[in-house]
Amino acid sequence: FPDSSPVTIPAGGYIVVVRNKTAFSWRYPGVPSNKIYGPYDGHLNNAGESLEISLPGDVDELWVRHYIRVDRVNYSDGSHPQDCPGELDLWPVDADGLGKSLSRKTASAYGNDPNNWDAVSPSPAAVNP
């Protein structure tokens with residue numbers, strides 16, 4: 001986020017990254033303002049992309065900080081079997097421009113498993129623990 005400090009998400013916690021904090025707060029007044037970050041002017045590719053959550057690791061002798069990957073997701077829109085093992089794209093297709101969002105079913109389950117994701121109506125609701 002432009003001109004902001006690093007964000008630490010506590011164990012079991014969450015944040016919401018949005019394009020417009022004011023508009024998001026108006027639409028979802030139940031989300032605490034300290035959980036909302038933005039503006040985010042980037043975008044995620046609807047066809048699929050890789051996302052990663054990391055935590056700070058050690059700093060080496062050249063003062064370079066290394067990060068430890070905690071979780072990752074290589075999501076898809078469900079329509080690219082040629083790019084998947086066994087040529088079967090198991091990601092939900094309803095999240096590909098049909099008004100749904102990908103939502104993780106269980107936070108503690110493996111993130112890079114399409115079976116741990118559903119296509120649901122957009123909501124800031126936290127993932128089920």
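## Salt bridges in a predicted model

The side chains of D118 and K105 form a salt bridge, with N and O 3.8 Å apart. D118 sits in strand β6 (residues 117-120) and K105 in the loop between β5 and β6, so the pair ties together parts 13 residues apart in sequence. D118 is partly exposed at 34% relative accessibility. K105 is also partly exposed, at 33%.

This is a predicted model: local features need pLDDT of at least 70, side-chain atom pairs count only at pLDDT 80 or more, and totals for chains, interfaces and linings use all residues. Residues are numbered from 1 along each chain as its sequence is written, and side-chain values use heavy atoms, without hydrogens and water.

A salt bridge here is a side-chain nitrogen of Lys or Arg within 4 Å of a carboxyl oxygen of Asp or Glu. The count by this rule is three.

| Pair | N to O distance |
|---|---|
| D118 and K105 | 3.8 Å |
| R104 and D71 | 2.8 Å |
| E52 and R69 | 3.7 Å |

R104 pairs with D71. R104 lies in strand β5 (residues 101-104) and D71 in strand β4, so this bridge ties together parts 33 residues apart in sequence. Strands are DSSP runs (E, at least two residues), numbered from the N terminus. R104 is buried, with a relative accessible area of 15%. D71 is buried too, at 18%.

E52 pairs with R69. E52 belongs to strand β3 (residues 48-59) and R69 to strand β4 (residues 65-76), 17 residues apart. R69 is partly exposed at 47%.

Buried means under 20% relative accessible area, exposed over 50%, and partly exposed in between (1.4 Å probe, protein chains only).

Definitions and conventions. Helices (H or I, at least four residues) and strands (E, at least two) are DSSP runs, numbered from the N terminus.
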